[in-house]
Amino acid sequence: MMTTAVSSPSSSPLIEVRGLKKYFGSNERPVRAVDDVSFAIQPGETLGLVGESGSGKSTIGRTVLRLVERTEGQVLYRGDDIGGLSGERMRKLRSKLQIIFQDPYASLNPKMRISAILGEALSTHGLHKGAAARDKRIAELLETVGLRPEHASRFPHEFSGGQRQRIGVARALAVEPEFIVADEPLSALDVSIQSQVINLLADLRERLGLTMLFISHDLDVVEYLCDRVVVLYLGKVMEVATTEELFANPSHPYTQALLAASPKPDPEMATERIALKGDIPSPISPPSGCVFRTRCPHAIEACAQTVPTLDELSPGHYSACIRKELLSNTAVARP
Ligand SMILES: Nc1ncnc2c1ncn2[C@@H]1O[C@H](COP(=O)(O)OP(=O)(O)OP(=O)(O)O)[C@@H](O)[C@H]1O
Ligand SMILES: [Mg+2]
């Protein structure tokens with residue numbers, strides 16, 4: 001964990017998600033990608049969102065930014081529901097909320113020079129008008145992400161993967177956002193350059209005071225970068241805690257399984273995916289009761305009947321499991 005400062009729960013959040021649902025497909029048999037998720041992110045905080053493939057991480061990130069319309073629930077930005085904003089007001093807000101995508105190859109237009117890619121972001125939001133002001137800002141942005149001003153005249157294919165991801169970061173920063181969703185910004189990169197991008201994000205956060213939702217499979221990176229963590233399974237929140245607490249004291253059986261399966265800090269292993277027994281069930285027909293019960297080593301009959309609520313175990317530490325006797329705060333060592 002980079003910073004020890006965890007915003008006090010009493011300060012008002014920059015982003016708050018309440019009862020968020022996103023169902024895809026038909027009304028009869030919807031894909032329940034996100035199913036009643038709530039959390040808040042304090043100004044300056046980096047919140048990690050972890051969970052296996054298909055658990056709904058990207059859908060949450062996109063729904064929060066209104067790149068995808070929600071099915072139900074609210075997303076509040078400084079207390080205002082962004083779902084109700086008209087086109088014009090949403091357009092103004094867009095610049096405050098940015099996303100960094102997983103794939104630095106696919107997310108940059110190969111036919112555009114870097115100056116045009118960054119210039120487009122600036123002009124969309126009416127920032128730094130006039131060629132001279134624009135070029136100055138582009139040079140500044142490239143320097144901010146550790147590239148050189150002369151890189152502006154190049155095309156995306158002339159850069160390495162890590163450099164391309166830096167350009168993706170520069171594009172997100174172009175509009176001076178307050179909040180960034182980083183959706184697996186490292187997973188397309190070589191392990192050798194992942195740490196450069198991690199350090200860049202950590203540095204920008206410190207310097208610019210950015211608030212971040214950091215989506216990742218990689219628990220080591222989450223432990224390093226995030227202040228708090230939300231653990232997601234099949235569209236539902238299983239556990240929420242500060243990073244320190246979650247890694248020292250994972251309470252939910254799913255979190256325990258994730259940590260047990262997490263690769264050691266060995267660079268050879270760093271991109272290996274989480275290995276839990278069996279597959280995640282289909283979000284079209286999730287298990288009754290607790291959605292994790294079909295893979296849970298501690299499941300009992302009652303788990304099929306009761307949907308567990310997210311209960312506070314200790315200040316700021318929440319877990320959704322009915323087997324409270326398992327949730328004693330005894331430390332579980334990471335193997
Ligand atoms: N546009 C869509 N139409 C239908 N189903 C979708 C759509 N987008 C996502 N889904 C489904 O929603 C569920 C959650 O997907 P999502 O991409 O949010 O998961 P994720 O946690 O980001 O996974 P990964 O780690 O693989 O990126 C999956 O079952 C996925 O198949
Ligand atoms: Mg995803």
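## Ala202 and how to read this model

Ala202 has a relative accessibility of 4%, so it counts as buried (buried means under 20% relative accessible area, exposed over 50%, and partly exposed in between, with a 1.4 Å probe and protein chains only). Ala202 sits in helix 6; here helices (H or I, at least four residues) and strands (E, at least two) are DSSP runs, numbered from the N terminus. Tyr224 is 22 residues from Ala202 along the chain, and their C-alpha atoms are separated by 9.2 Å.

Keep in mind that this is a predicted model: local features need pLDDT of at least 70, side-chain atom pairs count only at pLDDT 80 or more, and totals for chains, interfaces and linings use all residues. Residues are numbered from 1 along each chain as its sequence is written, chains are lettered from A and ligands numbered from 1 in the order in which they are written, and side-chain values use heavy atoms, with hydrogens and water left out.

## Domains

The chain is assigned a domain 1 (15-233) and a domain 2 (251-335), with bounds that come from an automatic or database domain assignment. Taken over C-alpha atoms, the centres of domain 1 and domain 2 are 27 Å apart.

## Helix 5 and strand 6

Of the 13 residues in helix 5, eleven are buried, so the rest of the structure largely encloses this helix. Those buried residues are Gly161, Gly162, Arg164, Gln165, Arg166, Ile167, Gly168, Val169, Ala170, Ala172 and Leu173. They pack against strand 6, helix 3, helix 4 (131-144), strand 7 (179-183) and helix 6 (191-208), where contact means heavy atoms within 4.5 Å. What about the length of helix 5? At 1.5 Å a residue its 13 residues should span 18 Å, and the end C-alpha atoms are 18 Å apart, which agrees; the expected span is 1.5 Å times one less than the number of residues.

With a relative accessibility of 1%, Ile100 counts as buried. Ile100 and Gly168 are 68 residues apart along the chain, yet 6.2 Å separates their C-alpha atoms. Leaving out residues up to four places away in sequence, Ile100 touches Gln165, Val169, Ala172, Ile180, Val181, Ala182, Asp183, Pro185 and Leu201.

## The second largest pocket

The second largest pocket holds about 390 Å³ of space. Of its 18 lining residues, the closest to the centre are Gln98, Ile99, Ala121, His125 and Arg171. Strand 6 (97-100), helix 3 (114-124) and helix 5 (161-173) are the elements that give two or more residues to this lining. Helix 3 gives the most, with four residues. By type, the lining has ten nonpolar, five polar and three charged residues (Ala, Val, Leu, Ile, Met, Phe, Trp, Tyr, Cys and Pro count as nonpolar, Asp, Glu, Lys and Arg as charged, and the others, Gly among them, as polar).

On a 1 Å grid over the protein atoms alone, a pocket is an open set of points with protein on both sides within 12 Å along at least five of seven lines, a cavity is a set where a 1.4 Å probe fits but cannot get out, and lining residues have an atom within 4 Å of a point. Grid points are joined across faces, edges and corners, and a volume is the space filled by probe spheres set on the points.

## The cavity

How many cavities of 30 Å³ or more does a search of the whole structure find? It finds one. About 100 Å³ of space lies in the largest cavity, and of the 14 residues lining it, Cys290, Cys296, Cys303, Cys321 and Ile322 are the closest to its centre. This lining has ten nonpolar, two polar and two charged residues.

## Helix 9

Helix 9 (residues 253-261) is mostly covered, with seven of its nine residues buried: Pro253, Tyr254, Thr255, Ala257, Leu258, Leu259 and Ala261. Their packing partners are strand 3 (46-50), helix 7 (219-225), strand 9 (228-233), strand 10 (236-242) and helix 8 (243-248).

Most residues other than glycine have a negative phi. Asp36, in strand 2 (residues 31-41), has a positive one, near 75°. Asp36 is partly exposed, at 45% relative accessibility. Arg66 also has a positive phi, about 60°. Arg66 lies in the loop between helix 1 (57-64) and strand 4 and counts as buried at 17% relative accessibility.
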